[in-house]
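Please read it alongside the model.

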Amino acid sequence: MQGLYDTVRKAQQVVQVEAVRVQKELAAAEFDGYCEGELIKATLSGNQEPVRVDITEAAMELGAERVSVLVTEAYKDAHQKSVKAMKDRMKTLAESLGMPPGLGAGLN
């Protein structure tokens, strides 16, 4: 029984170490999102933290109200890409640790 306990404890430690590694990778990653026409680019980290927003001169000529809409579009695009990358990475981690496929279903 002690052997099973030790095996489970070691597996938990491996999962914790790998999860921290994945979190660090994602924190260092950047994801760019664009609005329609790519007039604005929003960049988020893998932790969905805003990094920067680049606004073209052409976008500025559209006026504040339209720029606001375009920034929101770009931010949503970057957020979607960042979340997808996180889910994909966590699913890969679960698979590499030998977790049954059904457990990773919620990560899609």
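1. Leu 44 has Pro 50 of E3 as its bridge partner. Strand E2 (residues 40-45) pairs with E3 in the antiparallel sense over five bridges, where pairing requires at least two DSSP bridges between two strands. Strands (E, at least two residues) and helices (H or I, at least four) are DSSP runs numbered from the N terminus.

2. This is a predicted model, in which local features need pLDDT of at least 70 and side-chain atom pairs count only at pLDDT 80 or more, while totals for chains, interfaces and linings use all residues. Residues are numbered from 1 along each chain as its sequence is written, and side-chain values use heavy atoms, with hydrogens and water left out.

3. The open sheet has three strands in the order E1-E2-E3, with antiparallel pairing. Strands E1 (30-34) and E3 (50-55) each have a single partner strand, so one side of each lacks a neighbour in the sheet.

4. Ser 82 is located in helix H3 (residues 64-96). Ser 82 counts as buried because its relative accessibility is 0% (buried: under 20% relative accessible area, 1.4 Å probe, protein chains only). Beyond its neighbours within four places in sequence, Ser 82 is in contact (heavy atoms within 4.5 Å) with Phe 31, Ser 45, Gly 46, Asn 47 and Gln 48.

Notes:
Buried means under 20% relative accessible area, exposed over 50%, partly exposed in between (1.4 Å probe, protein chains only).
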